[in-house]
Amino acid sequence: MIIEKSLWSCKLFFQFVIVISCKKNILNESYPIIFMSENFTLNQLRIFRFSLGVVMLAQGMVFSTFASRISDIKSSLELTNTWLGLMLFALPLGMFTSIPLTGYLTNKFGSKKMIFVAACMYTFMLLMLAYVSNEITLFAALFLYGSAANFITISANTNGVSVETLYKRSILGTFHGIWSLGGFLGVIFAHFFAPHLSIQAHFAIVAATALGIMILVWCKLVNKDYSAKSHEDATKTKSMFRPSLFVFTLGILAFSSMFTESAMHDWSVVYFSDTLQITPEYQRLGLMIYLGNMMLGRFLSDTFVTLFGIIRVLRANAVLIFVGIFLVIISPDIVLACIGLAFVGFGVSSVVPLCFSAAGKSFRMKPSVAISSITLIGYMAFLLSPLVIGGIAKFYTLRVSFVVIALLAIVLFVLPKRLHDRVS
């Protein structure tokens, strides 16, 4: 317990230093103030960025708050592991099935309006999860919660692409880093206060806080959605179900990363407990290291992209994932497994943010539609990962099932070459 608390404190302090450093660099840089036939001062750009960062922070808090009380909900409803797994399947199912509607509404009404609606939906559904009384209501609430999560994810990332377009430099990774920071803050709050609060009180506090701060900054978000080729929007007629080759390639990259993310979230603790036979107090250590390095990688990704370009960063991520999962597979003990998970966490950290960022450079699809298409392809990984990893582990071992992640890392290394002309 002491080791875990120390790790949490060190990671949060380190992330705080990074945020301050990034902010200082931003303020010391000069940017042109005329973009897309619109005039914005540097202060306005900072406000756009700060406001969306607050939305991302609140979104991460809501997400981790539910995750921190899953075991309590399981106990209150007396669910078996099998039934809990079936119930949790409703979450990615809701996210996946709501993508077409989310993309359509975001494209029609704009990301700013959709962020307001999604923020209300997301926090309301968190509150509703505290009052489920049986398996049916839990499944329905998780389905709607997943749908609301997808609404705010796509609308916030579309808004982030607009802010990044106005800045004319890579900043979307920082937004995802702030989301991860919000997730850590939500877990920290749950760690210290959940034992003293009912699920209803806990979810109500977080929902009210998150909704309040999102509404406070909502009016300061950028009003209009921009893309790198916004003057050609009339020619962007591709739908999310028939993506251009460029966007489809980004979707495959996102799929490879999301599959790995899902596998690490679902199976890393199981791997430590069942395969490595780690004692209970250290079984979550690997997951903590994985998540901490994912957060660190997201904060640093924008700097790396500025220095080396998207292609090199994506291929470096693939190498880190491959080496990391190889170390996990061959690990005889906790030390090597933790090192491997650290590599994997850093490797997956910036893939999805970079794919969303590159979506704004599509010649044939609007940003909201391109992001929805990438999300549609990527979310298939959340549906397939439990079945693939669990199925292989059933007939062989969990170590063998992780070979799939290594194969996807090879795909992640090869495919970025096809994007060179567009994002280099």
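Helices are DSSP runs of H or I with at least four residues, numbered from the N terminus, and Phe-248 is found in one of these, helix H11, which covers residues 245–275. The model described here is predicted. The secondary structure of the protein comes to 19 helices and two strands, and of its 424 residues 53% are buried.

**The protein as a whole**

- Although Phe-248 and Ile-374 are 126 residues apart along the chain, their C-alpha atoms are separated by 7.0 Å.
- When neighbours within four places in sequence are left aside, the residues in contact with Phe-248 are Pro-243 and Ile-377.

**Helices H8 and H16**

- Helix H8, residues 135–167, packs with helix H16, residues 367–395, at an angle of about 135 degrees, and the axes of the two helices are 9 Å apart.
- H8 and H16 are therefore oblique to each other, since an angle counts as roughly antiparallel when over 145 degrees and as roughly perpendicular from 65 to 115 degrees.
- The crossing in which H8 passes H16 is right-handed.
- On the H8 side the contact is formed by Asn-150, Thr-153, Ile-154, Asn-157, Thr-158 and Val-161, and these meet Pro-367, Ser-368, Ile-371, Ser-372, Thr-375 and Tyr-379 in H16.
- Sorted by class, the residues in the contact of H8 with H16 are five nonpolar and seven polar, with no charged residues.

**Helices H9 and H15**

- Helix H9, residues 172–193, and helix H15, residues 351–359, cross at roughly 140 degrees, and their axes come within 8 Å.
- This angle makes H9 oblique to H15, and the crossing of the two helices is right-handed.
- Leu-172, Gly-173 and His-176 of H9 make the contact together with Pro-353, Phe-356 and Ser-357 of H15.
- By class, the contact of H9 with H15 has three nonpolar and three polar residues, and no charged residues.

**Helix H6 and the residue that follows**

- In helix H6, which spans residues 99–109, the buried residues include Ile-99, Thr-102, Gly-103, Leu-105 and Thr-106.
- The packing partners of the buried residues of H6 are helix H5 (90–97), helix H7 (111–129), H8 and H16, so that H6 is linked through these residues to H8 and H16, the two helices that also pack with each other.
- Gly-110 follows H6, and the phi of Gly-110 is positive, near 95 degrees.

- Ser-350 is found in the loop between helix H14 (334–348) and H15.
- The relative accessible area of Ser-350 is 2%, and because buried means under 20%, Ser-350 is classed as buried.
- Apart from neighbours within four places in sequence, Ser-350 is in contact with Ser-301, Val-313 and Asn-317.

Terms used: Residues numbered from 1 in each chain as written. Predicted model: local features only at pLDDT ≥ 70, side-chain atom pairs only at ≥ 80, totals over all residues. Heavy atoms only, no water. Axes fitted to C-alpha atoms, helices over the stretch in contact; angles between N-to-C directions. Parallel < 35°, antiparallel > 145°, perpendicular 65-115°, else oblique. Left-handed = near helix turned anticlockwise from the far one by under 90°. Contact = heavy atoms within 4.5 Å. Nonpolar A, V, L, I, M, F, W, Y, C, P; charged D, E, K, R; others polar. Buried < 20%, exposed > 50% of the residue type's maximum accessible area, 1.4 Å probe, protein only.
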